[in-house]
Amino acid sequence: MTRWMRGLGVVMSGLLQAVLFLIGITLITFFILHLSPKNPAQIWLVGNDGNVGQVSEETLHAQEAAMGLDKPVIIQYRDWLVRLLHGDMGTSFTTGKPVASELLKSLGPTAVLAFVSLTGTLIISIPLGIYCACRKDRLPDQLTRIFSFIGISLPSFLVSLLLLWLFCLKLKALPVLAHDDPKGMILPAAVLTLQCSARLTRQIRGVVLTELQKDYILGAMARGASGAQILFGHVLKNIMAPLMTWISMYFGVLLGGAAIVETIFSLDGLGRLAVEAVTRMDYYMIQGFILVTAVIFLALNFIVDVISRCMDHTGRYEW
């Protein structure tokens, strides 16, 4: 019973810290947005490029009042927070639709892209990272490290444009726009898989190498254990904790929105929505995106922490 009480205390403490973190990050974001010289009311009236013309001060002030921008910043944040507690994330300045519905609509394509990209990353990175660690400094390991370095170094927009040029313009094998055809998801997923697997392969290789150099591995080898027994019976089990942490981190990044990739491939996901919101200084949409992204990261970290504590048999974690 005492163990369960300690576990409940850990959970409640984590939830309290999460709430304080969310309040802090939304507050900071709200004030930073208001430091921008751009005026959302003016953008709404004259367009983001300013080609519509000039508007009078009276019209501008009236639009600011209609958007609720005529109040002090702290009052605007208080009003937004009160509405949020009632399930209202505000209304988009750009579309005039509820922020929650816009985010929910964009979450689906991003979730599919994140799941496909992460699945491809794990299929590539786990066996390749383990193989390179077991064949340290041999030719396959050296080639993998070179390709990993290239994959990490190349910016996502360059890889996206190269793949577009090759598969869409030259070979005409795939559609240019991701939202017009299910096959359009292949290229953005390939870009994200390439970059994530380049990093994760190196991370898995490093942690497996660390495990292989530990004393218990030498002891198992001295007792006559085979390489397969050491790898599957000891090493893989001991790298599960950092592997789950990396999986949650990559999935959170992908689900939070791969803005550049989604914009290039015209995928109507969270990343592209965030870019458009920042361009038009859509305060409530940006706030909603930041909040959703933070909740995703916190939820994933909490789940991984709970799983790690449940799987731990060393006493390192205490409830």
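I take a salt bridge to be a side-chain nitrogen of Lys or Arg within 4 Å of a carboxyl oxygen of Asp or Glu. With that in hand, I note that Lys136, Asp137, Asp141, Arg145 and Arg205 are linked in a network of salt bridges. The model is a predicted one.

I searched the whole structure and found 10 salt bridges. I then looked at some of them in turn.

Entry, Lys136 and Asp137. I find these two joined by a salt bridge, with the closest N and O atoms 3.9 Å apart. Asp137 has a relative accessible area of 42% and is partly exposed. Lys136 is also at 42% and counts as partly exposed.

Entry, Asp141 and Arg145. I read 3.6 Å, N to O, for this salt bridge. Both residues lie in helix α6 (residues 139–153), 4 residues apart, about one turn of the helix. I looked up accessibility as well: Asp141 is buried at 0%, while Arg145 is partly exposed at 28%.

Entry, Glu211 and Lys214. I get 2.9 Å, N to O, for this salt bridge. Glu211 is buried, at 7% relative accessible area, and Lys214 is partly exposed, at 35%.

Entry, helices α7 and α8. I checked α7 (residues 156–170) against α8 (residues 186–212): their axes come within 10 Å and cross at roughly 135 degrees. The two helices are therefore oblique to each other. I noted the crossing as right-handed. On the α7 side, the contact residues include Val159, Leu163 and Phe167, and on the α8 side they include Leu187, Val191 and Leu194. I sorted the contact residues into 9 nonpolar, 3 polar and no charged.

Note on methods:
Residues are numbered from 1 along each chain as its sequence is written. This is a predicted model: local features need pLDDT of at least 70, side-chain atom pairs count only at pLDDT 80 or more; totals for chains, interfaces and linings use all residues. Side-chain values use heavy atoms; hydrogens and water are left out. Axes are lines fitted to C-alpha atoms, for helices over the stretch in contact, and angles run from 0 to 180 degrees between N-to-C directions. Angles under 35 degrees count as roughly parallel, over 145 as roughly antiparallel, 65 to 115 as roughly perpendicular and the rest as oblique. A crossing is left-handed if the near helix is turned anticlockwise from the far one by less than a right angle, and right-handed if clockwise. Contact means heavy atoms within 4.5 Å. Ala, Val, Leu, Ile, Met, Phe, Trp, Tyr, Cys and Pro count as nonpolar, Asp, Glu, Lys and Arg as charged, and the others, Gly among them, as polar. Buried means under 20% relative accessible area, exposed over 50%, partly exposed in between (1.4 Å probe, protein chains only).
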